[in-house]
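Please keep the sequence and the structure in view while reading.

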Amino acid sequence: MLNQASSGEKFICDAVYGCIVHKRLLDIVVNVFYDQNEKTLLKADRNQFVVVCYLAMFHLEDLGLEQFSRIIKSLDSSKMHKFLRFFFNVTNLTTWIQGEWSQIYDAAYVEHKWIAPLLRWRTEIEGLLDYLSKKTTKGRLPRKSPKKCTQPQEFDLTKPKPRPLPAPEAIPQQEKTKPVPASTHRAPKDQQRLEELKQKNHLKAQQGLYEANIQQFRCANPQKSEKTQNTMSLIQQNFDAKLKFDTVYSSGTPVTQKMNNIPIRLNTTAILREGALYNRQMEDELNRLERLMQGSNEPSAFLQWQKEMREKDLQKELAQVERRRLEGKISYEEALLARQRVLELNQHKAQLKKEETAELMRKYAEKRLREEEEMKELVQQVASGHKNSKAAKIKLHELKQRIVKEVSEQSRELLRQALEEAQAELSRKFELIRQIRAIESVPHNRHRFLDDTEAGGHELLCEMSLVELRERLARLREEEQREQEEKKHRILHEKQSRQQLLLEQLDIIAVRRTAAQHATAQKQEEKKKRLKLQEAATMDERVKALQKTLKLKQQERQNKESEKANVNRNKEMATQKVKSYIHEKQALEEQHWLELEQALERQVRRETSRRNTSSQIYGVTT
């Protein structure tokens with residue numbers, strides 16, 4: 001027994017070691033098997049297939065068919081049947097399995113060591129596969145249903161007749177309402193007449209104005225002389241030259257003296273905020289003076305140098321801003337030119353698309369004609385088929401009658417059951433109402449005397465009598481009145497102190513505003529200097545070059561637009577000429593046909609007159 005246990009453990013260790021060493025060979029077979037049957041297999045069964053594949057490759061001759069069959073039969077029969085049928089398939093072994101293994105080991109070694117023994121064992125494995133297939137099919141056979149036992153039936157006794165249904169209540173018929181008259185939704189005729197009169201008067205006034213504009217004045221010549229027209233044009237040119245539409249309009253800086261004279265009413269928050277700002281500025285100034293008294297340097301020279309450097313930087317920045325503005329205009333002009341090119345290309349594409357759609361519409365019309373012919377043939381076939389459908393209609397009518405009878409019987413049975421349930425429910429409600437009325441008829445004492453000095457008797461810690469409650473409420477009212485009076489005195493004191501603070505802050509604000517006026521005057525002077533720097537920046541060479549390029553781009557775009565306008569004008573003139581030519585041609589044709597009709601009519605009259613005269617002469621001679 002010990003020897004058998006030790007040999008079994010050794011066999012298991014060898015099998016696990018072999019599966020790890022030959023993992024690449026085994027994974028080739030198992031991976032393809034999972035790819036083909038991935039919907040019916042679990043990942044937990046992968047190790048079983050790896051071990052079975054290893055035993056079939058390396059230990060089938062050592063174990064023998066009997067021992068190998070015992071191992072296979074101990075596992076799931078359906079899964080093992082699928083795997084062995086897949087692994088011992090001749091086409092699989094001789095084609096892709098041999099090719100994949102030959103990439104890892106030598107082809108001759110694979111053929112001699114694994115493929116040939118597996119093919120030799122295949123005939124003996126067929127018996128094992130038959131056994132597994134029978135076992136799987138036997139487990140899938142349906143179970144026989146148990147025989148039905150004899151069930152006793154009730155006696156066919158005479159059933160009581162169902163109670164007749166109560167007569168339905170008559171539904172009250174409502175009186176027919178009068179329809180809404182048609183005049184409600186119709187506009188009145190007076191309004192239409194007024195609109196027509198307005199339109200007529202408007203047309204008459206327009207006609208009178210047109211005639212007055214066309215006709216010349218009878219008392220004097222309205223046209224001005226050539227000298228008067230030249231003088232008026234010179235006056236208009238001088239007036240237009242004074243106007244500068246390209247310049248930037250600016251209303252200028254507002255007058256500070258006028259603004260300061262206007263009284264401004266500040267609220268409390270604005271006064272406190274402005275006072276805090278001025279106090280902070282005053283503290284900064286006092287700190288600066290203290291630092292100067294202690295021996296710190298005066299930063300005036302540094303500030304002057306800093307100001308000059310900032311002016312230079314500002315001048316460079318203004319020049320750069322002007323260059324960027326001009327570059328933006330140039331890019332805008334280039335974008336317009338590109339857009340014109342794109343529009344021309346799109347117009348060409350649209351023309352091609354129109355031609356394609358015309359061709360498709362022609363093909364579609366031909367297809368519709370063919371389909372209409374096919375539909376006509378189909379309608380004829382259907383009409384011939386309708387003649388043979390009378391018998392089928394009769395059968396269908398009989399089937400529907402039989403179904404209606406069955407449904408009516410079922411509905412009667414259901415209605416009888418519903419009536420029985422409603423009667424039982426009504427009797428139960430009557431019994432419940434009778435019990436409630438009996439309970440309500442029992443007399444009980446509802447009067448109770450109240451004592452103000454006694455508590456409610458609920459055995460609570462906060463319980464008190466009505467007299468105690470009134471006393472406590474009176475004390476609470478007195479305390480509340482005292483607190484309100486103290487609060488009024490405190491609010492009055494705070495209001496007086498706040499008004500004093502606001503008056504002090506207003507005095508400080510008035511002093512600081514006078515100082516701020518001098519600062520604004522200095523800032524205006526600096527702003528004038530900055531404008532001069534901006535004018536100097538515009539005279540930069542690079543800016544001039546960009547201005548020249550901008551003018552060239554604008555001129556190019558204007559030339560293209562003028563060419564396009566000329567082309568459009570020529571097209572319109574050509575279309576107008578064609579239309580006028582067609583109109584003239586139609587007029588000439590109508591005139592020609594009219595002349596031919598008149599000539600034919602004259603000829604007919606001559607013939608009739610000639611025939612009349614000849615007949616008269618023939619009568620006289622006879």
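A residue is called buried when its relative accessible area is under 20%, and exposed when that value is over 50%. By that criterion, 12% of the 622 residues of the protein count as buried. The model is a predicted one, and the protein in it has 15 helices and zero strands.

**Overall make-up**

- Among the contacts between residues at least 6 apart in sequence, 73% join residues that are at least 24 apart.

**Helix 3 against helix 4**

- Helix 3, which covers residues 46–58, packs with helix 4, which covers residues 60–73, at an angle of about 145 degrees, and the axes of the two helices lie 9 Å apart.
- The crossing in which helix 3 passes helix 4 is left-handed.
- On the side of helix 3 the contact is made by Val52, Leu55, Ala56 and Phe58, and these meet Leu60, Asp62, Leu63, Phe68, Ile71 and Ile72 on the side of helix 4.

**Asn92 in helix 6**

- Asn92 belongs to helix 6, which spans residues 90–104, and Asn92 counts as buried because its relative accessibility is 12%, where the cut-off for burial is under 20%.
- Leaving aside residues up to four places away in sequence, Asn92 touches Phe86, Ile97 and Gln98.

**Gly275 and its surroundings**

- Gly275 is part of helix 11, residues 268–293, and with a relative accessible area of 0% Gly275 is therefore classed as buried.
- When residues up to four places away in sequence are not counted, Gly275 touches Gln505 and Ile509.
- Asp507 lies 232 residues from Gly275 along the chain, yet the C-alpha atoms of these two residues are separated by 9.2 Å.
- For Gly275 and Arg512, which are 237 residues apart along the chain, the separation of the C-alpha atoms is 9.4 Å.
- Asp507 sits in helix 14, which runs over residues 466–538, and Asp507 counts as exposed because its relative accessibility is 52%, where the cut-off for exposure is over 50%; Gly275, by contrast, is buried.

**The largest pocket**

- The largest pocket holds about 360 Å³ of space, and of the 11 residues that line this pocket, Lys307, Arg310, Glu311, Glu526 and Arg530 are the closest to its centre.
- Helix 12, residues 300–386, and helix 14 each supply at least two residues of the lining of the largest pocket, and the largest share, six residues, comes from helix 12.

Methods:
Residues are numbered from 1 along each chain as its sequence is written. This is a predicted model: local features need pLDDT of at least 70, side-chain atom pairs count only at pLDDT 80 or more; totals for chains, interfaces and linings use all residues. Side-chain values use heavy atoms; hydrogens and water are left out. Axes are lines fitted to C-alpha atoms, for helices over the stretch in contact, and angles run from 0 to 180 degrees between N-to-C directions. Helices (H or I, at least four residues) and strands (E, at least two) are DSSP runs, numbered from the N terminus. A crossing is left-handed if the near helix is turned anticlockwise from the far one by less than a right angle, and right-handed if clockwise. Contact means heavy atoms within 4.5 Å. Buried means under 20% relative accessible area, exposed over 50%, partly exposed in between (1.4 Å probe, protein chains only). On a 1 Å grid over the protein atoms alone, a cavity is a set of points where a 1.4 Å probe fits but cannot get out, and a pocket is an open set with protein on both sides within 12 Å along at least five of seven lines; lining residues have an atom within 4 Å of a point. Grid points are joined across faces, edges and corners, and a volume is the space filled by probe spheres set on the points.
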